Amino acid sequence: MSANSATTPAEKQKTRFRISDKFPFWAQIVTGLVLGVLLGWLARSQDISWLKTTLEQVGGIFVQLLKLAVAPLVFFAILVSITNLRKVNNAARLASRTLLWFMITSLIAVAIGIAIGLFTNPGAGTGLTPKDGQKPEGSGSWIDFLTGIVPTDVITPFTELNVLQIVFMAAVAGIAALQLGEKAEPILKLSNSVLELLQKALWWVIRLAPIGTVGLIGFAIADYGWDLISKYATFTADVYIGCAIVLFGVYPLLLATVAKVNPLQFFKGAWPAIQLAFVSRSSVGTMPVTQRVTERLGVPKEYASFAVPFGATTKMDGCAAIYPALAAIFIAQIFDVQLGIQDYLLIAFVSVIGSAATAGLTGATVMLTLTLSTLGLPLEGVGLLMAIDPILDMVRTATNVAGQSLVPVIVAAREKILDHDAYNSASSSPVDEYDADYADDATDADDEVRDDVRDAEEKAAVPVPA
C-alpha cells in the first residue's frame, strides 16, 4: 500500500457515519426518558406484566454492566490518579485544596437540606406510621465504617464490591509506586493500559444509556406509580428542590465569585455527565464522562485524573448531604422524635466525614443508616424510604457528579492553572466526540512513532567514523 493511500484514524473517523451526527446523545437520553414514562404508564395502567418485567430486566442489565466495571475501574483510576500527581506542580497543595472544597460544598449542601426540612416538615401529613417501616438488611455505623476501611484480604473487596476498601488498597499501591520511582514504571504502564481498556469498554456501556433509560424510568413508573409518589410528595419535592438549589444556585454562585468564570459555560460543558448521572444513578459509572468534561472545561489532565476519581468515591453533595439531612428530619417526624441543635450539627458532621461510605454506587442506604445510627433514630425508618429511593437517587447522583466536576474547576481557577480558552469553548457532547478525540490522540501517537522512526533512519544514515 502506498503512503498516499494510507488513511489516519482521524480521517477514518471523519468518513464514518454516526447516528449521533443526526441524533445527539442528549436527544437520545430525552427520548429514552419520554418513552420510558409512556411504557411504564402503559404497563401499570393496563396491568401488562410482561412489559413491566421487560423494563425491569433492561434497566437491570444496564446498571449491572456499569457495576461490572466499578471495582477494577476504581482501583486503577485511583492508583493512576495518585501517581499522576508527580507530574503536577504543588501536588500536595492541589490535593489539600480539593479536599477543602469538597468539605465546604458538602457543608453548604447539608445546611440547605436541613433548612428545607425544617421549613416544610416533610414527615407531616403523609399517613405513614412507624409500622410501615422495617430495618434494612444492611446498615452502617461508625465502627463498621472505620474498621471496614482495611480489607481482610485483597480478593473480597472486589467480589463483594466494597468500594471503600478498594480505594484504600489503590491509595496504598499508588503511594508505594511513587516511593519506588523508576522501579514501578512497568506497573504504572500496565495500570494505565488497563485503565484505558476499562474506560473504552465502559464507553460502550455508556452508549447504551438511552436504552437503559427506557428500562429504568419505565420500571420505576410501572412499579411505584404516581399514587406512591403522592404519599412522599413533600419529601420528594424537598429532595429535588434542595438539589436544584445546590445545582443551579450554589454552584453558579461559587463559579462566578470564587472561580470567576461563566457558570452557564460550566453547565454547557458538564451537562453530558450530569444527564448520564441522572439516568445511571452511578457516580463511578459516569466517571469517564465526568473526567472528560472536566478536562474540556480547562482543568489540566494530570490534575483532573486525580480529582475526578477521588470525587467519584467521596464527593456526594446529593447522596451524603442533602438527602440524609432531609431523610433524618422526615424519619424523626414519623417516629415523633424531637431533634435539637446538636442533632443538626451531627448531621453536618456525618455528611462531611462519612460521605465516602456512599462509595459512588447507586443508592445511599449506607449513608442514611450511618446518619440515623449517629442520631439514635430507628433504623426502621430506612424502610419507609426504600420504595421511593430510585426516584430520588436520580437527582441525587446528578448533583453528586456536578459537584465532582465543579470542585476541580474552582481549584484550578484559584491556582491559576485553568485553561480559560478551553473553558469558554468546552464542547457539549463528549460521548458523541469521544471517538474523534481518541482518534486525534491516536494520530498524535502515530506522528510520534513516525518521528522516532525518521530520527532512527537519519542516525543510521550518518557515516560511522573509521
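V34 counts as partly exposed because its relative accessibility is 47% (buried means under 20% relative accessible area, exposed over 50%, and partly exposed in between, with a 1.4 Å probe and protein chains only). Heads-up: this is a predicted model, where local features need pLDDT of at least 70, side-chain atom pairs count only at pLDDT 80 or more, and totals for chains, interfaces and linings use all residues. Residues are numbered from 1 along each chain as its sequence is written, and side-chain values use heavy atoms, with hydrogens and water left out.

**Overall picture**

- The protein chain has 22 helices and zero strands; these are DSSP runs numbered from the N terminus, with helices being H or I of at least four residues and strands being E of at least two.
- Of its 466 residues, 53% count as buried.
- Looking at contacts in the protein chain with a separation of 6 or more, 84% come from residues 24 or more positions apart (contact means heavy atoms within 4.5 Å).

**Back to V34 and its patch**

- V34 sits in helix α3, residues 25-45.
- Together with V30 and L38, V34 makes a nonpolar surface patch of about 250 Å².
- Patches are made of residues with over 30% relative accessible area and no salt bridge, joining like charges within 9 Å and nonpolar side chains (Val, Leu, Ile, Met, Phe, Trp, Tyr) within 5 Å.

**Helices α4 and α5**

- The axes of α4 (residues 49-68) and α5 (residues 70-84) come within 5 Å and cross at roughly 35 degrees; axes are lines fitted to C-alpha atoms, for helices over the stretch in contact, and angles run from 0 to 180 degrees between N-to-C directions.
- On the α4 side the contact uses L66, K67 and L68, and on the α5 side V70, A71 and P72.
- By type, the residues of that contact are five nonpolar, no polar and one charged (Ala, Val, Leu, Ile, Met, Phe, Trp, Tyr, Cys and Pro count as nonpolar, Asp, Glu, Lys and Arg as charged, and the others, Gly among them, as polar).

**Around Y423**

- Y423 lies in helix α21, residues 420-424, and is buried because its relative accessible area is 0%.
- Leaving aside neighbours within four places in sequence, Y423 has contacts that include L255, F266, R296 and V409.
- R296 is 127 residues from Y423 in sequence, yet their C-alpha atoms are 6.6 Å apart.

**Salt bridges**

- Side chains of opposite charge can pair when their charged atoms come close.
- The whole structure holds four salt bridges, each being a side-chain nitrogen of Lys or Arg within 4 Å of a carboxyl oxygen of Asp or Glu.
- R97 pairs with E415, their closest N and O atoms lying 3.4 Å apart.
- That pair links distant parts of the chain, 318 residues apart: R97 is in helix α6 (residues 91-120), while E415 is in the loop between α20 (389-414) and α21.
- R97 counts as partly exposed at 29% relative accessibility, whereas E415 counts as buried at 18%.
- K315 and D317 meet at 2.8 Å, N to O; K315 is buried at 1%, and D317 is buried at 0%.
- D393 and R396 also bridge at 2.8 Å, N to O, and both lie in helix α20, three residues apart, about one turn of the helix.
- D393 and R396 are both buried.

Technical notes: Accessible areas come from the Shrake-Rupley method with a 1.4 Å probe; for residues, only the protein chains shown count as cover.
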